[in-house]
Amino acid sequence: MISLETPKKFQVLVDQAHQVAQEILRANSRKYDLAEHTYPKELDMLAALIDGMNDGGSTGGAGAAGVRGSDDGDEGNKNGSNMATVLGVIEMCWGDVGLLLTMPRQGLGNSAIASVANDEQLKRFEGKWAAMAITEPEAGSDSAAIRTTAVLDEETGEYVLNGEKIFVTSGDRADLIVVWATLDPSKGRAAIKSFVVERDNPGLKLDRLEHKLGIKASDTANFVLQDCRVPKENLLGSPEIDTKKSFAGAMKTFDNTRPLVAGMAVGVARAAIERTRELLAEAGVEVDYDVPAHKQSAAAAELLELEADYEAALLLTLQAAWMADNKKPNSLHASYAKAKAGRSATDICLRCVALCGAVGYGEDELLEKWARDAKILDIFEGTQQIQLLIIARQLLGLTSAELK
Amino acid sequence: MAIGLRALNRVAGLEVLDRIGMRNRAERLLYSATKNGFRAADAVGRRFNGKQKLDGAKRQSTGKRATQFDLTPTDEQQMMREAVGDFAQEKLRPAAGDADAACAAPAELLEQATELGIPMLGVPGELGGAFEERSATTSFLVAEQLARGDMGLAVAMLAPAGVGTALGLWGDADQQGTYLGEFAGEKPPAAALALLEPRAMFDPFELQTTARKDGDGYVLEGVKSLVPRAADAELFIIGAALDGNPALFIVEANDGGIAYEAEPAMGIRAAGTGRLTLSGVKVPANRLLADGDPAAYRECVRLGRLGWCAVAVGTAQATTDYVKEYVNQRTAFGEPISHRQAVAFTVANMAIELESMRLTALRAASRADQGLDYAREVALARRLATQKGMQIGSDGVQMLGGHGYTKEHPVERWYRDLRAAGLMEGVLVL
């Protein structure tokens, strides 16, 4: 039966996440926006709570590891860990995107490990906080062009990593960093592998922390890898250079994490719309859903327009998660969700600031902060333009050589 | 959400299946639907009596709550969608250009739509309908598929269904006994539910068409605009203000005092749109629907908007599919134009917004079926159908350039049709 409502069994999870977002994330939003690079210690207790929620099992795993999915073998429709995770993320980002991004043990690296690690690795890295290091100064969206090298030292059984990594979310706070490096720069994307590097590895040197437009609660680290030695057991996936499969394996993480970033965008967009609705109501403007938009005030009509984009972003995100839970290939729909949610959140938050005038622009409200935070969601995990490329290539059946 | 064996039987028995070569698929669907647990066949035969004495108003069953997020149609919905989809592709699409020019839907196609069960979507089983459960979602999927063939023809076919659904939802025993059975018959009446009036800033909750009490009955005055099949319609449901509150009245074409004139418009021309002028139309007391309940009128407006969302999704899908193929074939500067980001990204955006429109409207439909409030969801879906639907229509012409501007390709018609979705009211009550 077609229904696009929040699954009944996740309502408790959503309510809990909302409370946390309200009482802990929202309560500390402005504090860590102003105190960039300060570790939000309030999150330590919260992270323990989330660990407990994940281990409890009833939610199906609402954290970063939820993307691994579960095989409970049930017949018929499934609402599983992908759906639970994305619902949790939406609520948390209604609270604060930056704080969610720096939630201990909920890093993108944790999602990568959950997606592709073998059982031994899963066990070994359990309970650790893992960041993700892909981007390089000369390789952003073009992750196949990364130049960080990994050379196997047969004598010691270690890979030796050399290169430079930038934009590593929570890189200085995490226990582990999942580093993408190439086994052979001449062999293109197939040779790119991910390696788990301990943060205290002496070959991993912090270069600096970025000063950013938004999500300031979340630190963004730049690293230099200098003869950084990691045991070969820390390579995620197969060490073989298989031109057919390898890169696809690495990219598989993105099919599962793109809906999460879309969920972040949905959360912050909802925050902006809700607050704007309150402020407009104080100014005497309320949306009537039955009266035609052209018969309402321009502000009401605009809010309706923004809410429509929000609704579409939400439903595309839930659709992508639902497809993942039901083992339907969702690469195309994950990109639909990411593209729509990323651009809509930015547009919604910016227009909410404008609708609320000086109040929206000032720091007494969080609207201006949300507008700064939202912009990153249309950039990381694949920019708007990259999503459009992915979508267009799939729809039109074109290769990356044909549609550049 | 079982359509029931009547619908399966009806579809499986259609000659049209053989003509369009989908017999095997229909049988496969029938098999799988039956396998998955169907109720035993009860009263398969249909009744055709126009004047029945009912012991009370009949309703399709409603309000089943879902516990899961699920985008999978039921087997029955899937079967209906495929049957109607094939019909739309095989029959409506090829006829669309001529029907657009003629401002009329071919009688043969309207008959085939009747065979498919479209006019009886909202008719309860006791009155010969095939669909046991009230389902705006099923109607949505049907409307979407029809409009994927052609929006104008879809509107011509769905207009009687809209009246049937309104009578199914709000008609009393007397009204249903008089009219509703006809919609499940072999010759359902040409009918339309008319709310729209010809003026800028129209608001369906502030009607200029009026009804005033006159003895035992009412007298209606006013003008209704862009009424599908106005020329041959036998039955109307007319929105008119009664004591300042909008209400729905059943009006027969031969009630007297109704003047008709053709009102061809930018698009949906195959629906044969016309303008009705009601001058002192006298109707008996039992023609007021739902006792003038404002909640029923409000729901009628919402369900009508949902219907226009459904046809916008169908036509936007047709446009997107057509453009995808064209840009891969058309070459310029030595390669297919799809190899250029300016073109490819436009196609990507068409697909994203199409899916946005579909999901948002489907949520509204499924909430209606579950007995949840859906005013907000309909408003948001309409907003997207208006804005994104039109953008898709415009991009459709743009991607074909000068060729898209000519009648050599259907995109110019879809451009004209898609403009209707944001301004029409009533008619397509799902």
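# Strands, domains and chain contacts

Reader: Which residue of β7(B) is the bridge partner of G222(B)?

Author: L278(B) is the bridge partner of G222(B) in β7(B). Strands here, like helices, are DSSP runs numbered from the N terminus; a helix is H or I with at least four residues, and a strand is E with at least two.

Reader: How do I read the numbering, and where does the model come from?

Author: Residues are numbered from 1 along each chain as its sequence is written, with chains lettered from A and ligands numbered from 1 in the order in which they are written. The model is predicted: local features need pLDDT of at least 70 and side-chain atom pairs count only at pLDDT 80 or more, while totals for chains, interfaces and linings use all residues.

Reader: Back to the strands. How many bridges join β3(B) to β7(B)?

Author: The two are joined by 7 bridges and run antiparallel, with β7(B) covering residues 274–283. Strands pair if DSSP finds at least two bridges between them.

Reader: And which way does β2(B) run against β3(B)?

Author: Antiparallel, with 5 bridges; β2 of chain B is residues 210–214 and β3 of chain B is residues 217–227. D214(B) stands opposite G217(B) in β3(B). The two strands form a hairpin with 2 residues between them, and G215(B) in the turn has a positive phi of about 60 degrees.

Reader: Which residues other than glycine have a positive phi?

Author: D243(B) is one of them, with phi near 50 degrees. D243(B) sits in the loop between β4 (235–242) and β5 (245–252) of chain B. K327(A) also has a positive phi, of about 60 degrees, and is not a glycine. The loop between α8 and α9 of chain A holds K327(A).

Reader: Why does K327(A) count as exposed?

Author: Because K327(A) has 11 C-beta neighbours inside 10 Å. The rule takes C-beta atoms placed from the backbone and counts the others within 10 Å: 20 or more is buried, 12 or fewer is exposed, and in between is partly exposed. D243(B) is exposed too, with 10 other C-beta atoms within 10 Å.

Reader: New topic: is Y326(B) buried or exposed?

Author: Y326(B) is buried, because 22 other C-beta atoms lie within 10 Å. Y326(B) belongs to helix α9 (residues 294–329) of chain B.

Reader: What is Y326(B) in contact with, leaving aside its neighbours within four places in sequence?

Author: M399(B) and L400(B). Contact means that the C-beta atoms, placed from the backbone, lie within 7 Å. S338(B) is 12 residues from Y326(B) along the chain, and their C-alpha atoms are separated by 8.7 Å.

Reader: What domains does the assignment give for chain B?

Author: Domain 1 (5–39 + 69–188), domain 2 (192–292) and domain 3 (294–422). The bounds come from an automatic or database domain assignment. Domain 1 and domain 3 of chain B each bring 22 residues to their contact.

Reader: Which element gives the largest share of the domain 1 side?

Author: α6(B), with 9 residues of the side that touches domain 3 of chain B. That side divides into 12 nonpolar, 6 polar and 4 charged residues. Nonpolar covers Ala, Val, Leu, Ile, Met, Phe, Trp, Tyr, Cys and Pro; charged covers Asp, Glu, Lys and Arg; the others, Gly among them, are polar.

Reader: How many residues of chain A are in contact with chain B?

Author: 39 residues of chain A are in contact with 40 residues of chain B. On the chain A side, α8(A) gives the largest share, 11 residues. By class, that side has 25 nonpolar, 5 polar and 9 charged residues.

Technical notes: Two residues are in contact if their C-beta atoms, placed from the backbone, lie within 7 Å.
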